[in-house]
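Take a look at the chain below. We will go through it piece by piece, starting from one residue.

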Amino acid sequence: MSQIEHKGIVSSITTTSIEIEIAVGSACEKCHIKGACQGSSENEKRVVVVDRKRGESYEIGEKVTLFFSEKEGLIAAALAYVIPIIISVIALTIMIGNQVSEPIAALISLAIIVTYFIILYIFRHEIKRKIEIKVEKIEI
């Protein structure tokens, strides 16, 4: 599988991690429907926190490239977007089918999704091991 890469700038450094600011528009460069997409503005930025490996040295403002496999990107997208939507639709369908009022069904469905994201947060370290983001300095 191919690799996905994003260019970014180091915005903060700690002893254990690096915060890298990436322009969301840079993620859209290779997309086939970027002209029709209303997903994000061109100057919107996101911060990605990456574990810092021993012996690596970075400076604030330094340009870097983030790499991860397409498979890891799909796993991340599924965990963040696809699975919560499926859980929500299934929960709502079951509750409406059992004559639960729509407002109550919506609240219960929302509570289930919040629980799902709490579980993701609890298992974040295990997920981090499966989705490894590599950082390389951009040589000028």
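Start with Leu 66, which is buried at a relative accessible area of 2%. Buried means under 20% relative accessible area, exposed means over 50%, and partly exposed lies in between (1.4 Å probe, protein chains only). This is a predicted model: local features need pLDDT of at least 70, side-chain atom pairs count only at pLDDT 80 or more, and totals for chains, interfaces and linings use all residues. Residues are numbered from 1 along each chain as its sequence is written, and side-chain values use heavy atoms, with hydrogens and water left out.

Where is Leu 66 found? It is in strand β4. Helices (H or I, at least four residues) and strands (E, at least two) are DSSP runs, numbered from the N terminus. Contact means heavy atoms within 4.5 Å. Leave aside the neighbours within four places in sequence, and Leu 66 is in contact with Ile 4, Glu 5, His 6, Ile 20, Ile 22, Val 48, Val 50, Ile 133, Lys 134 and Val 135. Take His 6 from that list. Leu 66 and His 6 are 60 residues apart in sequence, yet their C-alpha atoms are 5.1 Å apart in space.

Thr 65 also sits in strand β4, which covers residues 63–69. Thr 65 is buried too, with a relative accessible area of 6%. Beyond its neighbours within four places in sequence, Thr 65 is in contact with Glu 5, His 6, Lys 7, Lys 134, Val 135, Glu 136 and Ile 138.

Now step back to the whole chain. It has four helices and five strands. From the N terminus on, the elements run β-β-α-β-β-α-α-α-β. The chain has 140 residues, and buried ones make up 23% of them.

Glu 72 gives another case. Glu 72 lies in helix α2. Is Glu 72 buried or exposed? With a relative accessible area of 12%, Glu 72 counts as buried. Not counting residues up to four places away in sequence, Glu 72 touches Lys 130, Ile 131 and Glu 132. Glu 72 and Ile 4 are 68 residues apart along the chain, and their C-alpha atoms are separated by 9.3 Å.

Next comes Tyr 58, in the loop between β3 (45–51) and β4. Tyr 58 is buried because its relative accessible area is 10%. Set aside its neighbours within four places in sequence, and Tyr 58 is in contact with Val 10, Ile 13, Ile 18, Arg 52, Val 64, Val 135 and Lys 137. Look again at Lys 137. The charged end of Lys 137 sits over the ring of Tyr 58, 5.3 Å from its centre. A charge sits over a ring if NZ of Lys or CZ of Arg is within 6 Å of the ring centre and within 35 degrees of the ring normal. Arg 124 likewise lies over the face of Tyr 121, at 4.0 Å from the ring centre.

Rings can also pair with rings. A pair of aromatic rings is described by the distance of the centres and the angle of the planes. Rings of Phe, Tyr and Trp (its six-membered ring) pair if their centres lie within 6.5 Å; planes under 30 degrees apart count as stacked, over 60 as edge-to-face and the rest as tilted. A search of the whole structure finds one aromatic pair. Tyr 116 and Phe 117 form this edge-to-face pair, with 5.2 Å centre to centre and 75° between the planes. Tyr 116 counts as buried because its relative accessibility is 13%. Phe 117 is at 37%, so it counts as partly exposed.

Finish with a backbone angle. Most residues other than glycine have a negative phi. Gln 99 has a positive value, near 65°. Gln 99 is in the loop between α2 (70–97) and α3 (102–122). At 68% relative accessibility, Gln 99 counts as exposed.
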